[in-house]
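Biologist: Could you open the model so that we can go through it together?

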Amino acid sequence: MNIQSNNTAAASKNGKPNPFADNMQKVTSIHHWNDHLFSFRLTRPQSLRFRSGEFAMIGLMGDDGKAILRAYSIASPFWDEELEFFSIKVKDGPLTSRLQHIKVGDEVILKPKATGTLVNDALIPGKRLYLLATGTGIAPFASLIRDPETYEKFEEVIVTHTCRHLSDLEYGKDVVKRTMNDPLVGEEAVQKLKYYPTTTQETSEHEGRITDLINSGKLFEDLNLPPLSPQTDRIMICGSMPFNIDVKEICLANGFKEGSNSRPASFVLEKAFVGE
Ligand code: A2P
C-alpha cells in the first residue's frame, strides 16, 4: 500500500503544493491490536490545545491531491507531549484502508483544532462519573481517565467498554493498566477508577450489552454501586449510533438531562468514529 509519507509535506502526488503542508505530523508509534483495530501516536504541534475527551480532524492526502479527513477522538490526555488515536480498519474505507498501513516516520494530516462534548466542562458536578463505550468509543475516555481533573471532580469513575470479542478490549485494557501506573494520576486512579469490560460474542468474565446489564441491575451488583441517579451520577456515552440512542433513552427515562458545552447537564454523548 502506497502511503505518501516523507514527501507529503512539500507536494502532493499530483505535483500541486500540499495545502496541508503546515499540518503534517509524524507517526511515532503504531500498535495493531487485531485485524480490525489499531492505535498510533503522532507528534503534537505546539499550536494544538485541547481538553481531554475532544476530537480533531486527521487524515491522509489522496492520490488525487485531495485530503481524506475524518474526526478522531484524541485518546491521550491534554498534558501528553504526543497525540494518541485508536482506529478501526475498514477494508474499503477511503481513509482507514490506507491509514492502517502507516509506519513510524510517515506523516499524517492533523488539523490543529479540537472540539467535542465529551468533556468535564459539559457536565454539572456530581459524585460518580460513568464513561460508557462500545468499540472505538473508548478513545475519548482513554483521554479523560488520564486527566487529573477527572479525579478532582469525581469520587468514583466507572469505565465500561463493550465489544464483540475479547481481542477488541485489549487497547482499553492496556490504557487502564497504563493509567493505574501513571506517575500523574496512578494513585488516584487506583482508588477511584473502576473498569468493567464486557463481551457480547465471546465468553468472558462479564458478558452482554451494557444496556442490558444496566437494565437488569447486574452492572451495579457487580460493582457494588447503587442504581443510576441524576442526583449523584454523571454519564458520558460514546459508541455506535444505535448504542448512543439506546443509552440516551435509559438516561432520559432515569431523569438525566443532556448537556453541552454551553449548557452543562447530567449526561453527554458523541458518536464514535463509525464506518467511513
Ligand atoms: P452485539 O454483539 O450484541 O451487537 P458494533 O461493532 O456493532 O459497533 O458493536 C460493538 C459492541 O456494541 C458489540 O458488543 C455490540 O453488541 C454492542 N452494541 C451494538 N449496538 C448496541 C446497542 N444498541 N446497545 C447496546 N450495545 C450495543
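Biologist: What does the side chain of Arg164 have at 2.9 Å from one of its N or O atoms?
Modeller: An oxygen atom of the ligand lies 2.9 Å from an N or O atom in the side chain of Arg164, which is a polar contact, meaning a pair of N or O atoms within 3.5 Å. Bear in mind that this is a predicted model, in which local features need pLDDT of at least 70 and side-chain atom pairs count only at pLDDT 80 or more, while totals for chains, interfaces and linings use all residues. Residues are numbered from 1 along each chain as its sequence is written, and side-chain values use heavy atoms, with hydrogens and water left out.

Biologist: Which residues are around the ligand?
Modeller: Among them are Thr134, Thr162, Thr200, Gln201, Thr211, Pro242, Phe243 and Asp246, where being around the ligand takes a heavy atom within 4 Å of it.

Biologist: New topic: how much space is in the largest pocket?
Modeller: The largest pocket holds about 740 Å³, where a pocket is an open set of points on a 1 Å grid over the protein atoms alone, with protein on both sides within 12 Å along at least five of seven lines. Its lining has 26 residues, and those nearest the centre are Thr134, Gly135, Thr162, Arg164 and Ser240; a lining residue has an atom within 4 Å of a point.

Biologist: Where does that lining come from?
Modeller: Strand 8 (156-163), helix 6 (210-216) and helix 8 (241-253) each give at least two residues to the lining of the largest pocket, and helix 8 has the largest share with three. Helices (H or I, at least four residues) and strands (E, at least two) are DSSP runs. Domain 1 (6-114) and domain 2 (120-269) each supply at least three residues of that lining, with bounds from an automatic or database assignment.

Biologist: How many cavities of 30 Å³ or more are there?
Modeller: There are two of them, a cavity being a set of points where a 1.4 Å probe fits but cannot get out. The largest has a volume of about 40 Å³, and Tyr72, Phe86, Pro140 and Phe273 are among the residues lining it.

Biologist: Why does the largest cavity lie between the two domains?
Modeller: Domain 1 and domain 2 both contribute residues to the lining of the largest cavity, so it lies between them.

Biologist: And which residues line the second largest cavity?
Modeller: That cavity, with about 30 Å³ of space, is lined by Ile138, Phe141, Ala142, Ile145, Gly172, Val175 and Val176. Helix 4 (170-180) gives the largest share of the lining of the second largest cavity, three residues.

How values were computed. Points joined across faces, edges and corners; volume = space filled by probe spheres on them. Polar contact = N/O pair within 3.5 Å; in protein donor to acceptor, adjacent residues only side chain to side chain.
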